[in-house]
Amino acid sequence: SASLAHSDYLIFDDQLGETIARQNTLHIAMRKALEAQHFQLYFQPQLSLLKNNIIGAEVLLRWQLDGQWIQPAELIPLAERSGFILQLGDWILAQACIKAQHLVKLGYTELVTAVNISPKQFTAPNFVDKVVAALSDSGLPAHNLELEITEGVLFNNDYGTLDSLQKLRKMGVKLAIDDFGTGYSSLSYLKDFPIDKIKIDQSFVRNMHTDPADQSIVRTIVNLGKNLGITLIAEGVENQSQLDSLKSIGCDEIQGYWYSKPLEEDFFVDFLHQKQPL
Ligand code: C2E
Ligand code: CA
Ligand code: CA
Ligand code: CA
């Protein structure tokens, strides 16, 4: 009936209004949070299956607003759309390098700290300069820094992207492809771009111990990486069965709750000391 349609419309309108209100709230709050240094960086350990030791950690953004955790999956896309990701990303990169240098100073000289770089951040014209500045301000050696970028960035197969990647590679910064397999179907960029590591997306890892299709996708990615001399890491490894499958396939490294969830800096240092006493 007309009245039902009318109320449906009102409900929809209300929800839309709420979504927009929440987005506005978050936009304002995230700017304040950056100024007030309320953002935190967590570290999720990465394990080498070959050497059976920690090779590094991925830095993940954490934010609590009025006692509520705001998920990066909500925050990052908002920040991307508004352009705030440029300021936020600068802060993340600078802070991550400072914290990574702290770990190097403790004696973990080979540990690699991986930082997520959003597409807008990577394609900004001065991105490489920002990396140079973050390294020199912190004193972090370039080989202790890894940048995680997504396939979409490489799909814009333009000269600027290749140039940036080559400059970073020349400096000694490592480059990883995040969420591998979820982006674009073209694989030709793997031979054109200087890539050190492929991160196999957790959507393929999740059911690989029960689903033969997922298992063969992971196997294919691992073989592809091996043939190209690129290191493979599987993301989202949660249980022993997934781990066993990955070992039998010959995957180099893993990251996921099975080994450790993302940890606050102090807890990550404790974890390191426990697993790898100096
Ligand atoms: P991502 O880069 O693919 O990060 C991995 C996500 O998987 C993280 O979620 C991590 O907490 C989660 N994870 C790790 N191990 C497991 C596991 O065993 N099982 C499951 N189910 N999940 C696992 P998080 O921290 O919520 O981040 C979500 C996304 O937000 C990230 O996906 C990344 O795209 C973005 N993000 C997070 N931090 C940053 C940042 O500092 N900068 C940028 N640009 N993006 C970030
Ligand atoms: Ca990542
Ligand atoms: Ca990922
Ligand atoms: Ca992801």
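**View 1. Four residues hold the calcium ion (ligand 2).** In this predicted model, the protein donors of the calcium ion (ligand 2) are E58 (OE), N116 (OD1), E148 (OE) and D178 (OD), at 2.1 to 2.3 Å from the ion. Donors here are N, O and S atoms within 2.8 Å of the metal (3.2 Å for Na, K and Ca), and because water is not among the atoms, sites may look incomplete. If you follow the sequence, the donor residues of this ion are spaced E-x57-N-x31-E-x29-D. Helices (H or I, at least four residues) and strands (E, at least two) are DSSP runs, numbered from the N terminus.

Buried means under 20% relative accessible area, exposed over 50%, and partly exposed in between (1.4 Å probe, protein chains only).

View 2. Which residue coordinates both the calcium ion (ligand 2) and the calcium ion (ligand 3)? That residue is D178, and the two ions are 3.9 Å apart. The calcium ion (ligand 3) is coordinated by D178 (OD), D179 (OD), E235 (OE) and E235 (OE), at 2.2 to 2.5 Å. Along the chain, the donors of this ion follow the spacing D-D-x55-E.

**View 3. D179 also coordinates the calcium ion (ligand 4).** Here the calcium ion (ligand 4) is coordinated by D179 (OD) and D179 (OD), at 2.9 to 3.0 Å. The calcium ion (ligand 4) lies 6.0 Å from the calcium ion (ligand 2). D179 is part of strand β7 and, at 27% relative accessibility, counts as partly exposed.

**View 4. A134 is a buried residue in a helix.** Now look at helix α5 (residues 127–138), where you will find A134. With a relative accessible area of 7%, A134 is buried. Leaving aside residues up to four places away in sequence, A134 touches L93, A94 and C97; contact means heavy atoms within 4.5 Å. The C-alpha atoms of A134 and I98 are separated by 8.1 Å, and these residues are 36 apart along the chain.

View 5. The chain has twelve helices and eleven strands, and its C-alpha trace spans about 65 × 50 × 45 Å along its principal axes. Of its 278 residues, 47% count as buried. Among contacts with a separation of 6 or more, residues 24 or more positions apart account for 68%. The chain exposes about 13,900 Å², with carbon and sulfur atoms supplying 53% of that area; accessible areas come from the Shrake-Rupley method with a 1.4 Å probe, and for residues only the protein chains shown count as cover.

**Reading the labels.** Residues are numbered from 1 along each chain as its sequence is written, while chains are lettered from A and ligands numbered from 1 in the order in which they are written. Local features need pLDDT of at least 70, side-chain atom pairs count only at pLDDT 80 or more, and totals for chains, interfaces and linings use all residues, while side-chain values use heavy atoms, with hydrogens and water left out.
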